[in-house]
Amino acid sequence: MENIYLFMIIALAILAIADLVVGVSNDAVNFLNSAIGSKAISFKTIMIVASIGVALGAIFSSGLMEVARKGIFNPGEFMFDEIMIIFMAVMITDILLLDFFNSVGMPTSTTVSIVFELLGAAVAVSLIKIWSDGGTSSELINYINTSTATKIILGILLSVVVAFTVGAIVQWFTRLLLSYNFQEKANWVGALFGGIALTAITYFILIKGIKGTPYADLKFEYTNGLTIKEYLESNVINIIGINLVVWSAISFGLITALKQNIYKIIILVGTFALALAFAGNDLVNFVGVFIAGWQSYQEYVAQGLPASELSMKFLSKAVETPTLLLFIAGMIMVVTLWFSSKAKDVVKTSLDLSSQSNTKERFQPNFLSRGFVRSAMLMSQMYSYVVPNSWQEKINKQFETPAIDLTLKEEDIPAFDLARAAVNLMVAAVLISLATSLGLPLSTTYVTFMVAMGTSLADRAWGAESAVYRVAGVINVIGGWFFTAFIAFVASALIAYLLHLNVKVMTPILLLIAFTLLVRNYIAHNKKNSKAKEEDSLFKAESSSVQGVIHESADNIANVVKRGNKIYTNAVNGLAKQDINALKKNRRQITKLSNEVDDLRDHIFYFIKNLDESSVEASSFYINILGYLQDMTQSLDYISKISYKHVHNNHKKLKFNQLKELKLVDEALEKLLMDTKDAFKSRSFEDIARILNNRGKVYDLVKEKIQMQVERTRTEESSPKNTTLYFSLLLETKDLLSATMNLLDEYNQAFDSKVPPARVAENEEE
């Protein structure tokens with residue numbers, strides 16, 4: 001039996017390494033968000049600073065992994081075999097849960113997940129033990145530390161409400177005093193702001209950072225017999241006062257003498273501080289369970305008692321973790337930080353929700369987000385009645401955002417300015433420090449995320465055009481946090497129960513399932529990223545002349561035509577084979593294409609703004625092109641939808657003759673669309689006239705098939721559903737052709753102004 005526990009320890013070690021990877025991917029948003037979003041410094045510099053913070057935080061972190069020992073349950077009530085089941089269930093659940101959130105790009109709390117996993121597994125094992133001994137569920141309180149779970153739940157609520165509110169208030173007053181032209185303010189203003197921000201961050205490093213190190217309990221002569229931690233906590237006012245004076249003076253010197261941007265320095269120091277604290281305090285969430293399990297196994301080997309008779313009471317004592325293990329953990333975290341694409345996805349979610357400029361909204365509005373926005377609008381109206389107009393004008397002037405630099409590429413435009421980034425870091429540091437000194441279990445993820453959301457609201461980043469989407473996003477993220485707690489508890493309890501049934505059999509089976517899911521998610525994530533980078537995605541036009549737009553749009557048109565042809569063919573083939581899965585996949589493809597075309601239309605505002613007066617006609621051409629592309633995708637969407645609906649509802653299959661005729665139409669349409677794609681792909685715009693001259697063949701073919709179906713319906717057709725579907729497909733094919741030909745006409749006219757425009761609508765009338 002000893003071999004199974006050795007196997008479990010090895011498995012826990014591997015799971016701990018994997019947990020470090022997925023944990024850092026999730027928590028990177030805590031300290032990277034502000035620096036990356038503000039574009040304050042280069043990405044490479046940000047990563048170097050964060051890496052140093054993570055490495056130092058891990059190496060000098062506390063060697064006491066208390067949460068896995070006695071924070072949630074009373075270890076003296078469990079035997080070695082039971083404790084190993086708890087630890088194994090926790091690690092399997094944790095890695096799968098965090099990886100799931102990383103894959104969907106949502107930030108969650110590693111602290112909450114580990115606590116509720118420990119709680120779920122401990123409750124399951126405790127109840128099994130109690131019931132097998134003939135006891136009652138009321139005895140559970142002897143095994144579980146219920147006060148910790150209550151504190152965590154309260155911590156979630158406090159994190160959400162307090163961080164959001166404080167972030168919004170501080171940002172509103174900051175913007176009111178500094179405006180968006182904060183760089184032009186007097187030097188002493190920047191120095192004072194720098195002094196306040198750096199004082200807050202320094203205090204954060206002292207309280208949150210040092211508390212997590214072994215040096216917190218050391219005593220020196222100048223601390224009057226107190227430990228460093230006690231001395232810091234008892235001299236808060238003095239420490240803050242001295243730091244404020246010193247940092248303000250240093251900030252003034254940096255601004256005046258060295259001509260440094262104090263806001264960039266604040267962001268750099270703040271990023272380092274949060275990375276340091278993250279590694280120092282959250283490391284327990286990733287490796288604490290493994291270390292507790294490893295030390296339990298050492299005790300099991302040393303004592304030589306049967307696993308079911310060895311009490312785990314020794315876990316109640318403080319046992320330090322070897323520095324070598326902390327160093328290895330730190331290096332794994334640093335490597336993950338540099339190479340994890342999932343970390344970038346989680347950061348992107350936070351940045352999109354807090355961006356000052358328009359972004360592609362990831363979340364769809366819901367009744368809650370609409371209700372909150374309506375309430376906010378009513379409050380805004382009440383505010384306009386109460387506050388004098390002269391005050392409102394002065395306040396609004398301070399919140400006037402500068403014009404976007406249209407010369408910058410979209411990826412180079414900051415999500416927010418340096419002032420908001422500095423406030424994000426300063427407020428998060430203060431709140432986490434305060435919570436730590438008061439012993440409140442606030443989550444760093446919750447605090448940093450909600451502060452960013454609060455400052456976004458106060459900075460008017462959530463305007464009328466984006467508020468309903470941004471609020472929906474925040475609601476989704478918050479809902480995910482509570483979902484984390486619930487799923488962590490239930491899943492961990494279930495896995496603990498399965499392990500209890502037969503630990504020898506279930507351990508390898510559950511590990512195999514866990515690693516299979518991890519590999520599957522990894523492959524799916526890479527496939528998703530490669531699809532996002534592939535050439536089949538559409539690109540926004542940036543030229544300011546008609547000729548420039550002609551050439552820039554050519555690739556998009558070739559792209560839409562190529563993908564549209566494939567979608568049409570897949571719809572016909574799916575109907576022929578009654579393949580519901582193929583038709584369902586086809587619907588996803590047209591939805592993706594439609595969304596990309598919609599994104600191009602959403603960019604029209606910025607495109608027109610970027611035009612010079614001599615090139616305004618380019619806007620009319622570009623708008624018309626996008627209109628025809630949208631008409632094409634709408635026709636394809638309808639064809640895909642009705643095909644899927646017909647098969648999904650189990651209606652009669654189309655008759656052989658109908659399918660044969662549809663295939664003839666598909667082949668004719670494919671030749672036309674492929675000729676169109678080739679012309680645009682190779683920029684052979686002179687071929688467009690030839691394609692336009694041949695359009696009559698496809699039109700005549702479609703008209704012929706419609707007439708043939710009319711005759712069949714009058715004589716032999718007996719299925720109304722089949723008739724409706726067939727007519728709908730052919731009529732929508734005509735609309736698809738019309739949109740395509742109109743687009744070609746537009747290009748033909750723009751490319752060669754001597755060619756008179758010929759509209760398809762007129763053609764059809766003939």
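Biologist: In which loop is Arg460 found?
Modeller: Helices are DSSP runs of H or I with at least four residues, strands are runs of E with at least two, and numbering goes from the N terminus. On that basis Arg460 is found in the loop between helix 15 (444-458) and helix 16 (467-501).

Biologist: What pLDDT do local features need here?
Modeller: Residues are numbered from 1 along each chain as its sequence is written, and side-chain values use heavy atoms, leaving out hydrogens and water. This is a predicted model, where totals for chains, interfaces and linings use all residues, side-chain atom pairs count only at pLDDT 80 or more, and local features need pLDDT of at least 70.

Biologist: Is Lys259 buried or exposed?
Modeller: Lys259 is found in the loop between helix 8 (236-256) and helix 9 (262-303). Lys259 is not a glycine, yet has a positive phi of about 55 degrees. Buried means under 20% relative accessible area, exposed over 50%, and partly exposed in between, with a 1.4 Å probe and protein chains only. Because its relative accessible area is 68%, Lys259 counts as exposed.

Biologist: What is the relative accessible area of Arg460?
Modeller: Arg460 also carries a positive phi, near 65 degrees, without being a glycine. Arg460 is classed as partly exposed because its relative accessible area is 39%.

Biologist: How far apart in space are Met91 and Ala18?
Modeller: Met91 is found in helix 3 (residues 80-103) and is buried, at 0% relative accessible area. With contact meaning heavy atoms within 4.5 Å, and neighbours within four places in sequence left aside, its contacts include Leu12, Asp19 and Phe286. Met91 and Ala18 are 73 residues apart in sequence; C-alpha to C-alpha, the distance is 9.7 Å.

Biologist: How many of the 23 residues of helix 4 are buried?
Modeller: The expected span of a helix is 1.5 Å times one less than its number of residues. For helix 4 (residues 110-132) that gives 33 Å, which agrees with the 33 Å between its end C-alpha atoms. Helix 4 is largely enclosed by the rest of the structure, because the buried count is 20.
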